[in-house]
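Subject: Handing over a structure, with notes

Dear colleague,

Please find the structure below, together with the sequence that belongs with it. My notes follow, and I would be glad if you read them with the model open beside you.

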Amino acid sequence: KRRGDFLSGNLYAGKSDELQQCGCDSTDRWMCRLSRVQKSIDGRTRMELRRLEEQEHQKTRKLWEEVFSDDTRAFLDYYYFIKTKENEIWVIEEDGEIQSMLQLNPYQLQVAEHPFLCRYIIAVATRAQYRSRGYMSSLLRKAMQEMYGKKEPFTFLMPAAEAIYTPYDFRFVYSQRQAVFEKKAETELIEEEDATMFQAEELAAFAKERLFGTARVYAVRDAHYYQTRVLEQQSENGGIRMLKKDGKLVGIYCYAKEETCEVLEPLILPGYETVFWDSISGLSENPVKVLACPEVLEPCARSVERKPMIMVRILHLETLLSVLTVKEGENLSCSFAVIDPILTGNSRIWKLCSQEDGRIQVTETEDSQGVLTIGALTELVFGYRSAADLRKDPDVCLGRELECELEKISPLSPVFLNEIV
């Protein structure tokens, strides 16, 4: 189920009318003043872009129900009781109502050796009669500028369509392995139960053990994460299933049973793959789709495919570059210009030099060995494309020398981002 966005329209650089919050430079302040609440000739309220206060978040539920009509009341009750207590919601108001919105849900991410609070973009929606006015562009640009100001390294989303977000330099960085499992003809008796919120610590400890060292970018699975996740799965007529063998926890997975049965992110100890298959065979009489299926479970599946799932947009480039390291035994020294037409503070000539401990020192310089767009750099940094492959892009200027240097960087991969809301 995708709740990432529902909008297409003209793209233009919108400006906020909230001067106290917008952070615009002096050249843009006149636009902010101009766009403060005004009345047109016919008396209708002009567009106003602002961030809602927490107590106003419930006002967006009406728009959500109208645009994402497939979502159940149980899910929305969960979302607006739990998720909106800690997220940010940007809206455009016109004619006395919220006509467009964008929500930013915070996640504590582990990025290589560094923890960062990053935002997952969700519920990008505009009421039908207000589309094709550039509202999505205004909201997205404003949200990105705010996150850049907080020096957040990147934001991420699950797009309804790639083409909506590529103009804003979002790029895919994670392809999810999806498998289909037939119902097992004969199953063995297994120990299983659905987790409660009080078992969140146990779930977190198990997940940490399974994920540590296997992914370089992922949401931190702490007790708070699983307390929220238990409620989320329950809102979709599912839960988090715990699998045991002789009293020992050997696997966990999330599942939802709405129109169809879906399983997400099974984490299974080696040697207990058939226990997982036995368990999901009891969920439905029909084949079960397993999202984020680990490679060790593939032999049990009827079919497996990889599907591009998560797009990332680099925000504060210097922050992200500073977490990079070089591959073992390599020495790096290079410089390149970056073009970022939206977050122009990233448009600099950056010099990267490796240090003795493998970390990369990031500074500005005047001498450039090549030119990278912010989108191309995203694909490179997250290991989705190689430097050699980027040389094919018409907007990239990358000589052989710079290519060889960039290949010395240890990419931020594998990425493991399966968050839906």
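**A cis bond and its loop**

Pro414 sits in the loop between β21 (409–410) and β22 (415–416), where helices (H or I, at least four residues) and strands (E, at least two) are DSSP runs, numbered from the N terminus. The peptide bond that joins Ser413 and Pro414 is cis, with omega at about 5°.

**What kind of model this is**

This is a predicted model, in which local features need pLDDT of at least 70 and side-chain atom pairs count only at pLDDT 80 or more, while totals for chains, interfaces and linings use all residues. Residues are numbered from 1 along each chain as its sequence is written, and side-chain values use heavy atoms, with hydrogens and water left out.

**The chain as a whole**

The protein chain holds 13 helices and 22 strands. Of its 421 residues, 55% count as buried, a word that stands for under 20% relative accessible area, with exposed meaning over 50% and partly exposed in between (1.4 Å probe, protein chains only). If we take the contacts (heavy atoms within 4.5 Å) between residues at least 6 apart in sequence, 71% of them join residues at least 24 apart. The chain exposes about 19,200 Å², of which carbon and sulfur atoms supply 48%; these areas come from the Shrake-Rupley method with a 1.4 Å probe, and for residues only the protein chains shown count as cover.

**Aromatic pairs around Tyr107**

A search of the whole structure finds 16 aromatic pairs. Rings of Phe, Tyr and Trp (its six-membered ring) pair if their centres lie within 6.5 Å, and planes under 30 degrees apart count as stacked, over 60 as edge-to-face and the rest as tilted. The rings of Tyr107 and Tyr120 have centres 6.3 Å apart and planes at 80°, so this pair is edge-to-face. The relative accessible area is 9% for Tyr107 and 0% for Phe156.

Leaving aside residues up to four places away in sequence, Leu104 touches Asn87, Glu88, Trp90, Arg119, Tyr120, Ile121, Ala143 and Met147. Glu88 is 16 residues from Leu104 in sequence, yet the two are 5.1 Å apart in space, C-alpha to C-alpha.

One aromatic cluster is formed by Trp64, Phe68, Phe75, Tyr78, Tyr79 and Tyr80.

**Where α7 meets α8**

The axes of helix α7 (residues 200–211) and helix α8 (residues 223–235) come within 8 Å and cross at roughly 115°; axes are lines fitted to C-alpha atoms, for helices over the stretch in contact, and angles run from 0 to 180 degrees between N-to-C directions. On the α7 side, Ala200, Glu201, Leu203, Ala204 and Ala207 take part, and they meet Ala223, Tyr226, Gln227 and Val230 in α8.

**Two residues with positive phi**

Asp169, in the loop between α6 (162–165) and β7 (171–181), has a phi near 65°, a positive value in a residue other than glycine. Asp169 counts as buried because its relative accessibility is 9%, and beyond residues up to four places away in sequence it touches Val312, Arg313, Pro341, Ile374 and Gly375. Glu265 likewise is not a glycine and has a positive phi of about 55°, but this residue is found in strand β12 (residues 261–268). Glu265 is buried, with a relative accessible area of 5%.
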